[in-house]
2 protein chains.
Amino acid sequence: MTSEGNETRNPAEGGPPKLQFVPFSSALDAGFWHELTQKKLNEYKLDETPKAIRGYYYNGDPAGMPARLTLEFSAFDMNAPTPAHCCPAIGTLYNTNTLEAFKSCDKKLLLEQAANKIWDAITSGTAVENPVLLNRFILLTFADLKRYRFYYWFCYPALCLPEGIPLIQQPVCLGAKFSATQIEALQNAYDELCQKEGLTALPFFLIKYHDDSVLVSLLRNWDDFFSDPKEKVTIGVYDPCNFAQYPGWPLRNILVLAAHRWGSHLPSVQVLCFRDRTMQGARDISHSTLFEIKLPQVTQNSGCPKAVGWEKNQKGGMGPRMVNLSECMDPKRLAESSVDLNLKLMCWRLVPTLDLEKVVSVKCLLLGAGTLGCSVARTLMGWGVRKITFVDNAKISYSNPVRQPLYEFEDCLGGGKSKALAAADRLQKIFPGVNAEGFNMSIPMPGHPVNFSDVTLEQARKDVTQLEELIDAHDVIFLLMDTRESRWLPAVIAASKRKLVINAALGFDTFVVMRHGLKKPKHQEVGDSPCNNPSASADLLGSSLFSNIPGYKLGCYFCNDVVAPGDSTRDRTLDQQCTVSRPGLAMIAGALAVELMVSILQHPEGGYAIASSSDDRMNEPPTSLGLVPHQIRGFLSRFDNVLPVSLAFDKCTACSPRVLEQYEREGFNFLAKVFNSSHSFLEDLTGLTLLHQETQAAEIWDMSDDETL
Amino acid sequence: MTSEGNETRNPAEGGPPKLQFVPFSSALDAGFWHELTQKKLNEYKLDETPKAIRGYYYNGDPAGMPARLTLEFSAFDMNAPTPAHCCPAIGTLYNTNTLEAFKSCDKKLLLEQAANKIWDAITSGTAVENPVLLNRFILLTFADLKRYRFYYWFCYPALCLPEGIPLIQQPVCLGAKFSATQIEALQNAYDELCQKEGLTALPFFLIKYHDDSVLVSLLRNWDDFFSDPKEKVTIGVYDPCNFAQYPGWPLRNILVLAAHRWGSHLPSVQVLCFRDRTMQGARDISHSTLFEIKLPQVTQNSGCPKAVGWEKNQKGGMGPRMVNLSECMDPKRLAESSVDLNLKLMCWRLVPTLDLEKVVSVKCLLLGAGTLGCSVARTLMGWGVRKITFVDNAKISYSNPVRQPLYEFEDCLGGGKSKALAAADRLQKIFPGVNAEGFNMSIPMPGHPVNFSDVTLEQARKDVTQLEELIDAHDVIFLLMDTRESRWLPAVIAASKRKLVINAALGFDTFVVMRHGLKKPKHQEVGDSPCNNPSASADLLGSSLFSNIPGYKLGCYFCNDVVAPGDSTRDRTLDQQCTVSRPGLAMIAGALAVELMVSILQHPEGGYAIASSSDDRMNEPPTSLGLVPHQIRGFLSRFDNVLPVSLAFDKCTACSPRVLEQYEREGFNFLAKVFNSSHSFLEDLTGLTLLHQETQAAEIWDMSDDETL
């Protein structure tokens with residue numbers, strides 16, 4: 001990107017240097033061309049008359065970005081809102097029917113016509129009332145819709161002052177000239193004026209400042225605002241340029257206006273190139289630049305000055321550009337780029353340190369495709385996650401679609417589709433770019449015997465193998481079932497494979513969303529987990545019981561239990577069978593489960609991150625997205641969430657070393673024993689039985705309500 | 001259909017043959033199951049105690065039909081009339097909550113209990129007075145209402161005479177024994193007695209006949225009727241059976257009664273199985289059968305005999321039957337009743353005081369069909385709300401479906417469908433029972449002039465009228481737009497019309513969900529709102545600033561502002577609200593908006609309910625669902641919600657008396673001024689301008705973060 005100023009070359013021979021400007025780079029996105037295609041096809045057809053369009057520019061891009069004038073799909077809607085913090089520009093589209101007409105178009109004439117409009121706005125005063133009239137552009141296009149090739153030439157007319165603009169004082173950054181107080185005052189004054197005017201940005205404005213105050217006003221208030229002849233006149237321009245030494249293109253026409261209206265009695269004027277970025281969450285305008293120029297005289301009746309502004313092409317010459325969208329005009333590709341764009345907006349403006357790639361590339365296994373599974377999948381899609389796999393063995397019933405947002409009435413007909421398969425299909429319908437799969441399978445459960453016959457035993461073995469393979473092939477395992485015991489097997493497998501587990505469970509108006517403790521990698525395991533190092537655990541019990549607990553010491557869903565999971569569905573009445581909960585609950589818990597995962601992924605230590613508790617809400621958050629709690633327990637009746645933290649339990653029926661060792665040594669044979677036995681098998685194995693005996697006379701805190709919420 | 005008589009097998013070895021009986025076939029029609037479903041949902045809930053029901057049988061079926069005991073929808077109404085020419089039977093329904101309970105039910109015990117009742121009626125004589133007491137049946141059911149499968153086992157208890165009943169004379173048809181005159185006389189006598197007794201049918205009756213006459217009488221008249229010891233005793237039974245050789249089941253208990261009461265002095269008795277059909281328009285009873293039996297002796301103090309009567313299943317074994325009505329029900333009806341079931345389940349065990357009707361019948365207007373609108377609609381569907389109307393003027397773009405859970409990729413093609421219309425269509429696809437509508441229209445906004453031309457002005461007038469009509473026609477107005485200023489007009493109209501307003505707005509990782517203060521009904525307004533009664537307001541400032549504030553004193557979305565709407569970009573967290581927010585946020589806020597509405601509806605004072613604050617979390621909640629806050633402000637980075645409460649502001653640009661008065665007096669003319677003017681118009685009107693001047697030097701508490709989140 002080179003700075004330039006077509007008519008104001010810096011003369012080698014003496015005198016003050018002349019001001020130079022950085023021109024706009026046109027940024028016409030795929031959505032713009034797509035919309036042009038639609039307009040051409042459905043509306044313009046053979047009509048070649050000029051069309052009003054609109055673009056916008058932004059003053060907060062990171063250094064190194066070109067000063068862009070952006071046109072997107074909304075460019076054709078003159079009532080479309082300008083994006084926040086952006087400044088609108090009004091354009092004229094000349095879309096020709098043929099490449100010949102495009103080439104032979106009289107570009108000099110188009111430029112003159114546009115320049116005349118700007119000049120009229122300056123001389124009539126309408127530009128003072130509505131400065132956007134100075135932000136005018138031309139777009140000449142030919143759309144080859146058969147081949148999806150778009151030829152275009154962009155022009156942002158700038159009126160020229162024949163002698164150039166002498167630079168009296170070189171640009172310095174605002175931070176070097178203004179105190180912190182002044183900077184803040186400027187920022188506030190600018191914001192207030194925007195808000196008062198109902199504008200997303202002020203393209204041009206007036207400034208006067210003193211040591212302790214900064215005032216800004218609109219162009220039309222010039223006379224009142226600068227009524228004191230001793231007051232220094234500063235013109236603010238919303239500046240899309242990033243160069244420290246040069247202003248962007250929009251400054252040109254406002255300086256012509258200033259020279260025309262006020263140049264005669266204003267020998268010099270200061271210019272603030274207002275630049276406004278957010279870095280690491282903090283707003284910053286101190287890189288704005290300030291400099292002083294001499295305003296040339298413009299004869300009142302001189303007629304419209306000469307203008308420049310046709311954009312150079314990629315090769316640096318004066319000529320049109322061409323984009324070939326034949327590939328990305330595929331609507332599916334278009335959908336993908338739109339979804340990407342939306343996500344990137346988060347980074348660009350709000351959370352620059354967000355590592356989107358970590359989120360988008362994560363492979364998620366959703367065990368359960370009911371109310372929770374559907375909400376989790378939807379939120380994952382919103383985050384751009386591309387690999388989503390469902391496991392469920394249920395069919396869609398008539399009561400599901402109103403609470404399970406991936407299903408419709410039609411899915412219930414004829415006995416109901418498989419939830420897992422239908423959910424995957426639906427994701428593809430929502431966003432063809434997703435890679436979704438469904439597995440219609442059962443998850444074997446403790447206390448649900450599989451030894452009725454060779455057939456049932458073999459089926460269970462297959463299901464276990466399938467589940468192991470699925471857990472292997474994914475990064476994050478979501479436990480979203482509606483029974484406790486169905487969570488046991490995946491909890492064991494995922495713990496053994498060191499996969500991040502996100503667990504969500506609903507009560508009637510309460511929920512728990514938690515990450516399971518993530519065991520240390522096997523080679524690091526030697527004796528320092530709280531499970532087999534009682535003294536470390538005892539230390540923790542000392543001063544700060546539940547603070548600074550790293551991920552590998554955290555409990556799993558079963559760690560709070562003192563009974564092994566068993567068959568909880570047998571003999572339950574209807575209201576117990578279907579998890580009766582307030583309808584909003586699953587959406588809230590599902591959304592939180594994904595947001596928790598995303599926050600964990602943003603932490604440099606991922607699942608090993610120290611757990612945040614409710615007390616940490618006042619502290620500096622550990623990630624750009626905030627806290628990484630162990631558990632979120634929600635109480636809808638109080639609209640309240642708490643963030644408990646709990647340690648892994650060395651007698652846990654799912655994640656304790658004895659269970660994991662047995663599983664890793666004996667595999668399915670061990671699991672089959674668990675499926676076929678009453679809960680006492682696991683209780684004996686883990687030592688829970690002993691614990692029960694020891695505490696038989698004592699009062700045990702009944703956590704059954706907690707377990708099931 | 002085979003005849004049988006469990007205990008009275010025909011012995012091959014000598015002696016007279018024993019009488020055999022044809023059992024009832026239970027005939028439970030769809031109406032019965034439908035009614036059972038309703039009873040279970042609305043009345044029985046988890047109550048498993050026995051219920052009285054009734055059935056009936058008919059003695060006029062064509063040959064070949066089984067002897068049916070029919071239960072239809074009227075079975076639950078003990079006062080329902082018995083169908084003409086039918087005989088009632090009284091039953092006991094045992095409806096279990098689980099399939100387990102159904103299976104494990106002690107059927108032997110149930111049968112014994114029923115047999116004992118019959119025996120008591122026999123021995124006490126009540127059955128002589130009211131012979132229907134002998135027609136007793138048991139129905140054991142389990143209704144799987146999620147899958148529309150009904151498990152049942154029917155029993156018609158018959159007391160057994162241990163030795164069986166010797167058949168002295170084989171059955172012959174009445175036509176072979178009676179003359180035409182006798183047949184006609186029997187028919188007339190039977191009809192007259194029915195009429196005299198006001199009965200549709202006589203289950204059992206006494207007959208004596210001679211060559212030229214036939215007399216019938218009631219059981220209770222036995223002694224008088226058969227006072228002549230030489231008179232042949234004939235017992236008539238209304239017989240549902242068609243077999244020429246066998247009587248139906250009802251004969252069994254009456255014979256036990258006869259044996260018990262009169263067996264000792266009646267060695268033999270004649271039986272008339274009264275069958276009464278209409279063939280080709282002519283009534284015919286000549287196929288009734290007559291036969292003679294020996295009445296066994298029954299010891300007076302022998303205790304209740306053994307009983308039989310459980311029905312065999314379709315396979316001929318002793319086991320329950322199952323009907324699957326999911327296929328034969330209209331799937332749309334099925335969906336509706338399934339959705340109802342899910343909701344009613346909440347009431348049964350969890351929140352018995354929940355007034356579902358208040359929720360289900362509420363009419364909701366959703367202004368905005370984007371991320372928030374879609375989530376709100378989904379949650380409303382979950383709550384069973386049937387009337388949902390969308391207003392939006394946007395089209396579905398490619399980036400929408402992954403975040404707006406009512407749209408799919410296909411909706412984006414060809415420029416995109418209208419959101420409002422597509423959202424309504426989707427709701428119908430999810431649940432055909434919903435009444436959803438979409439209005440593709442713009443909402444005029446302050447600072448967005450409408451006076452460009454007559455056309456634009458007329459359009460704005462139409463839009464306002466349309467919006468007013470829509471707000472009139474709904475109960476709750478959801479403000480779910482993505483700009484501040486578009487909320488102004490509906491906020492004003494809804495405040496004027498005293499409609500409950502639920503407002504939701506998103507930042508990047510923060511949200512506000514609130515109810516607007518609900519003004520008192522107009523006739524109660526005289527001078528006691530905080531707006532026009534500064535002293536009341538001052539009182540509040542005294543001790544308990546934000547506690548016990550009733551709904552009518554609460555602020556609206558604009559009450560915290562000290563500038564009129566017209567801009568929504570001051571703070572970075574509020575720009576591009578719906579596009580650049582954490583994807584889970586809209587689901588959470590949308591769900592909470594609906595849950596807040598539901599909680600408010602459950603409060604006896606509705607929108608006038610005192611606002612709960614964060615401090616109330618420890619107190620007894622005001623509704624069965626918990627708190628009814630004014631605002632829920634959520635902070636996703638901390639997984640935290642707070643519940644602020646704020647008062648209505650007497651200079652509010654939306655809900656203050658001056659604005660409402662002007663709107664109510666001038667209507668569109670006032671609104672047009674607001675649309676066309678800069679914000680100062682509203683500020684001047686409400687006195688905000690004055691406030692600004694008064695406080696110009698003072699520090700104003702900057703509530704911008706609050707206002708916009």
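Is His630(B) buried or exposed? What we have is a predicted model, in which local features need pLDDT of at least 70 and side-chain atom pairs count only at pLDDT 80 or more, while totals for chains, interfaces and linings use all residues. Residues are numbered from 1 along each chain as its sequence is written, and chains are lettered from A, with ligands numbered from 1, in the order in which they are written.

Now to the residue. His630(B) is buried, since 25 other C-beta atoms lie within 10 Å; buried here stands for 20 or more other C-beta atoms within 10 Å of a residue's own, exposed for 12 or fewer, and partly exposed for what is in between, with C-beta atoms placed from the backbone. His630(B) sits in the loop between helix 16 (583–602) and strand 23 (631–635) of chain B, where helices (H or I, at least four residues) and strands (E, at least two) are DSSP runs numbered from the N terminus. Leaving aside neighbours within four places in sequence, His630(B) is in contact with Met514(B), Arg515(B), Leu554(B), Ala611(B), Pro644(B), Val645(B) and Ser646(B), a contact being two C-beta atoms, placed from the backbone, within 7 Å.

Eight strands form an open sheet with mixed pairing, in the order 19-18-17-20-21-22-23-24, and two strands pair if DSSP finds at least two bridges between them. Strand 19 (435–440) and strand 24 (640–642) of chain B stand at the edges with a single partner strand each, so one side of each is left without a neighbour in the sheet. Within this sheet, strand 17 (residues 363–367) and strand 20 (residues 476–479) of chain B run parallel and are joined by four bridges, with Cys364(B) opposite Val476(B).

Not counting residues up to four places away in sequence, Phe478(B) touches Cys364(B), Leu365(B), Leu366(B), Leu367(B), Val376(B), Ile502(B) and Ala593(B).

Turning to chain A, there are 22 helices and 24 strands, and buried residues make up 49% of its 709 residues. Strand 2 (residues 51–58) of chain A is mostly covered, with six of its eight residues buried, and eight bridges join strand 2 to strand 4 (residues 86–96) of chain A in an antiparallel arrangement, in which Ile53(A) stands opposite Gly91(A).

Lastly, the two chains together. The contact takes 79 residues from chain A and 78 residues from chain B. On the side of chain A that touches chain B, helix 9 of chain A gives the most, with eleven residues, and the residues of that side divide into 44 nonpolar, 18 polar and 17 charged, where Ala, Val, Leu, Ile, Met, Phe, Trp, Tyr, Cys and Pro count as nonpolar, Asp, Glu, Lys and Arg as charged, and the others, Gly among them, as polar.
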